[in-house]
Amino acid sequence: MAVRIAINGFGRTGRAAFRAALESPEPPFSVLHIHGPPGIGKSMLLEVYAALAAGAGATVVRLDGRELLPSPQALLSTLGLVLDVPAG
């Protein structure tokens, strides 16, 4: 079973946990949600995570939720197009 954790900020502990997940053959957790008021650095936090993931060889996909219909199907469809995954 995957572990769900929350990392408040991106200090030493957060970076270490994220790197460990990237280096694991089966990541032990997923980043599920980043939330906060405007201007506190959420976009920068995501850029740091993306750079670490890309540096570890992961495929990084950037989507703007404002351009998607609010449904799981819309997200999956858009990811399929971006990642060139055949429909079905």
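User: Hi! Which residue does Glu-47 form a salt bridge with?
Analyst: Its partner is Arg-62, and the closest N and O atoms are 3.1 Å apart. Keep in mind that this is a predicted model.

User: Got it. Where do Glu-47 and Arg-62 sit in the chain?
Analyst: Glu-47 belongs to helix α2, residues 42–55. Arg-62 lies in the loop between α2 and α3 (72–82), so the pair links distant parts of the chain, 15 residues apart.

User: And is Arg-62 buried or exposed?
Analyst: Arg-62 is exposed, at 54% relative accessible area. Glu-47 is partly exposed, with a value of 39%.

User: How many salt bridges does the structure hold?
Analyst: There are 2. Besides the Glu-47 pair with Arg-62, the side chains of Arg-66 and Asp-64 meet at 2.7 Å, N to O.

User: What about accessibility there, is Asp-64 exposed or partly exposed?
Analyst: Asp-64 counts as partly exposed, at 29% relative accessibility. Arg-66 is exposed, at 74%.

User: Switching to the helices: at what angle do α1 and α2 cross?
Analyst: Roughly 35°, and the axes come within 10 Å. Helix α1 covers residues 12–23, and the crossing is right-handed.

User: Nice. Which residues make that contact?
Analyst: From α1 you have Phe-18, Arg-19 and Leu-22. Helix α2 brings in Tyr-49, Leu-52 and Ala-53.

Terms used:
Residues are numbered from 1 along each chain as its sequence is written. This is a predicted model: local features need pLDDT of at least 70, side-chain atom pairs count only at pLDDT 80 or more; totals for chains, interfaces and linings use all residues. Side-chain values use heavy atoms; hydrogens and water are left out. A salt bridge is a side-chain nitrogen of Lys or Arg within 4 Å of a carboxyl oxygen of Asp or Glu. Helices (H or I, at least four residues) and strands (E, at least two) are DSSP runs, numbered from the N terminus. Buried means under 20% relative accessible area, exposed over 50%, partly exposed in between (1.4 Å probe, protein chains only). Axes are lines fitted to C-alpha atoms, for helices over the stretch in contact, and angles run from 0 to 180 degrees between N-to-C directions. A crossing is left-handed if the near helix is turned anticlockwise from the far one by less than a right angle, and right-handed if clockwise. Contact means heavy atoms within 4.5 Å.
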